[in-house]
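Okay, everyone, thanks for making time. I've got one structure to walk through today, so let me put it on the screen.

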Amino acid sequence: MRWNAGVLAGLLIGLVWLMVGVVLVVVGRRRARESRAEGAGNMAVIGFFLLAVGGLTWFATLLLAVVPG
């Protein structure tokens, strides 16, 4: 496995996506529970999307770090 600057940057970017996604899911679900307004939990949907993006970023970064060439 190669641990160069690109791999570390990819892992850091993926970690940021995951952290932002978790925050948005938690805040969005809390707002949806507290509010009766339509669409109050839309931030949670964006958070789930960012969790998927962060996971795929980590997967692709680690895959590129393992595969030679």
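This is a predicted model: local features need pLDDT of at least 70, side-chain atom pairs count only at pLDDT 80 or more; totals for chains, interfaces and linings use all residues.

Now, the general point about helices: an α-helix has 3.6 residues a turn, so residues three or four places apart point the same way. Keep that in mind as you look down the list.

In helix 1, the buried ones are V7, G10, L11, G14, G21, V25 and G28, and they pack against helix 2 in return.

How far does each helix reach? Helix 1, with 30 residues, goes 43 Å from first C-alpha to last, close to the expected 44 Å. Helix 2 runs over residues 42-66, so to speak 25 residues, and reaches 37 Å, close to the 36 Å expected at 1.5 Å a residue.

Zooming out, the protein chain has those 2 helices and 0 strands. Its C-alpha atoms fill a box of roughly 55 × 15 × 10 Å along the principal axes. The radius of gyration is 16 Å, whereas a compact globule of 69 residues would be near 11 Å.

On burial overall, 22% of the 69 residues count as buried. The chain exposes about 5,000 Å², with carbon and sulfur atoms supplying 73% of that.

Last one, on contacts: taking those with a separation of 6 or more, 64% come from residues 24 or more positions apart.

How values were computed
Residues are numbered from 1 along each chain as its sequence is written. Side-chain values use heavy atoms; hydrogens and water are left out. Helices (H or I, at least four residues) and strands (E, at least two) are DSSP runs, numbered from the N terminus. The radius of gyration is taken over C-alpha atoms; the globule rule is 2.2 Å times the number of residues to the power 0.38. Buried means under 20% relative accessible area, exposed over 50%, partly exposed in between (1.4 Å probe, protein chains only). Contact means heavy atoms within 4.5 Å. Accessible areas come from the Shrake-Rupley method with a 1.4 Å probe; for residues, only the protein chains shown count as cover. The expected span of a helix is 1.5 Å times one less than its number of residues.
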